[in-house]
Amino acid sequence: MAVLPSLVTVAELAALLGRTFTPAQEAQAQALLDQASSVVRAYVRQDLTRETSTLTVSMRRADPVLHRCGGLVTLPQRPVVDVESVSVDGVSTQDWWQEGQEILLRSGSWSSPPTAHRPPQVTVTYTHGFDPVPGDIRAIVAQAANRVMVNPGAVRSETVGGESVTYLIPATGEALGVLLSRTEQRVLDRYRRTSGTVQVRGR
């Protein structure tokens with residue numbers, strides 16, 4: 001699997017914070033942005049950035065005599081920008097259409113020869129993701145990374161010279177590192193895929 005890029009660059013983080021990083025700080029910022037990007041992607045269950053992927057799934061047989069199973073395939077990465085190709089058992093087909101941005105429906109059936117001992121394999125190559133990535137996602141990545149830079153020990157509050165400061169602590173609490181606050185999770189919920197699996201349904 002290809003390594004996905006950070007959702008925010010070091011230069012963008014520096015500009016957002018209005019500061020200049022030393023080489024050591026740049027290295028730390030990059031590591032934290034990589035981690036924050038991974039945490040956000042894991043939470044929403046999406047790659048988010050624009051890319052092309054190939055998905056192969058097995059369709060259930062609906063009729064053991066006819067070996068036919070019309071149905072649908074839910075593409076897991078959103079938003080779906082374009083579907084380049086669809087094939088059944090390695091044979092390209094045009095007998096499908098796209099419903100909205102997520103669903104592929106074949107008008108006839110997903111068929112395989114009567115001698116086949118497995119359900120038909122449907123392969124879809126499609127382009128998905130955002131370009132550019134939405135600003136609220138990028139803001140959360142930058143905020144989560146910066147939170148560790150300014151408070152690496154995850155101190156909840158401190159008092160210096162009579163001034164008390166309370167830090168935003170992530171929802172998951174005790175572990176150190178880049179984590180998300182409940183507020184950030186609520187913002188990301190609009191992008192989150194509710195199911196972690198590909199939906200395949202026969203007719």
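**A close look at one contact**

Guide: Leaving aside residues up to four places away in sequence, Asn 146 touches Leu 13 and Leu 17, where contact means heavy atoms within 4.5 Å. This is a predicted model, in which local features need pLDDT of at least 70 and side-chain atom pairs count only at pLDDT 80 or more, while totals for chains, interfaces and linings use all residues. Residues are numbered from 1 along each chain as its sequence is written, and side-chain values use heavy atoms, with hydrogens and water left out.

Asn 146 lies in helix α3, helices being DSSP runs (H or I) of at least four residues, numbered from the N terminus. Asn 146 is buried, with a relative accessible area of 18% (buried is under 20%, exposed over 50%, partly exposed in between, with a 1.4 Å probe and protein chains only).

The axes of helix α1 (residues 10-17) and helix α3 (residues 135-150) come within 11 Å and cross at roughly 75 degrees, the axes being lines fitted to C-alpha atoms over the stretch in contact, with angles from 0 to 180 degrees between N-to-C directions. That makes α1 roughly perpendicular to α3, a term for angles of 65 to 115 degrees. On the α1 side the contact is made by Glu 12, Leu 13, Leu 16 and Leu 17, and on the α3 side by Arg 138, Ala 142, Asn 146 and Met 149.

As for confidence, the protein chain averages a pLDDT of 79, on the predictor's scale from 0 to 100 for each residue.

Notes
Helices (H or I, at least four residues) and strands (E, at least two) are DSSP runs, numbered from the N terminus. Angles under 35 degrees count as roughly parallel, over 145 as roughly antiparallel, 65 to 115 as roughly perpendicular and the rest as oblique.
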